[in-house]
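This note sets out some points for a student who is reading a protein model. Please keep the sequence and the structure in view while going through them.

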Amino acid sequence: QVQLVESGGGLVQAGGSLRLSCAASGSIFSFNVMRWYRQAPGKQRELVATIIIGGSTNYADSVKGRFTISRDNAKNTMFLQMNSLKPEDTAVYYCRAIRSQTPTADYWGQGTQVTVSS
């Protein structure tokens, strides 16, 4: 069992930056897919960014060019660098780690609040 803990959220003005971290209690080397999601009040959880083993990334159109996902296997940590933040980025951000090979696994963190003021 691996636990994921997000950190780095907070209150920031529009145009500012935050860097979220997702620290795993064990090795993330075997997780072939890692993702960041967010959920704003009254809205469904949405996929923000994906990084797969090997380093390929994918982003939601709403954050493309502003957010950067990365992972450091040596530190068992995934990151989300968020620049040029907008009020509509306000949400609880969650990380997720998926291993599709046997033994399969799918872990979520507890979330970190990001609030962007206008």
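1. Strands, like helices, are DSSP runs, numbered from the N terminus; a strand here has at least two residues. The model discussed is a predicted one. From the N terminus on, its elements run β-β-β-β-β-β-β-β-β-β-β. In total, the chain holds eleven strands and zero helices.

2. The radius of gyration is 14 Å, close to the 13 Å that the globule rule gives for 118 residues, so the chain is as compact as a globular protein of that length. Along the principal axes, the C-alpha atoms fill a box of roughly 45 × 25 × 25 Å.

3. How much of the chain is buried? Of its 118 residues, 46% count as buried. The chain exposes about 6200 Å², and carbon and sulfur atoms supply 48% of this area.

4. The largest nonpolar core has 32 residues, of which Trp36, Leu80, Met82 and Tyr93 touch the most other members. Among the elements that give two or more residues to this core are strand 4 (33-39), strand 8 (77-82) and strand 9 (91-99).

5. Tyr93 deserves a separate look. Leaving aside neighbours within four places in sequence, Tyr93 is in contact with residues including Trp36, Leu80 and Met82, and also with Glu6, Arg38 and Thr112.

6. Considering contacts with a separation of 6 or more, residues 24 or more positions apart account for 55% of them.

How values were computed. Residues numbered from 1 in each chain as written. Predicted model: local features only at pLDDT ≥ 70, side-chain atom pairs only at ≥ 80, totals over all residues. Heavy atoms only, no water. Core = buried A, V, L, I, M, F, W, Y, C linked by side-chain atoms within 4.5 Å. Buried < 20%, exposed > 50% of the residue type's maximum accessible area, 1.4 Å probe, protein only. Helix = DSSP H or I, 4+ residues; strand = E, 2+ residues; numbered from the N terminus. Contact = heavy atoms within 4.5 Å. Rg over C-alpha atoms; globule rule 2.2 N^0.38 Å. Areas by Shrake-Rupley, 256 points an atom, 1.4 Å probe, with all protein chains shown as cover.
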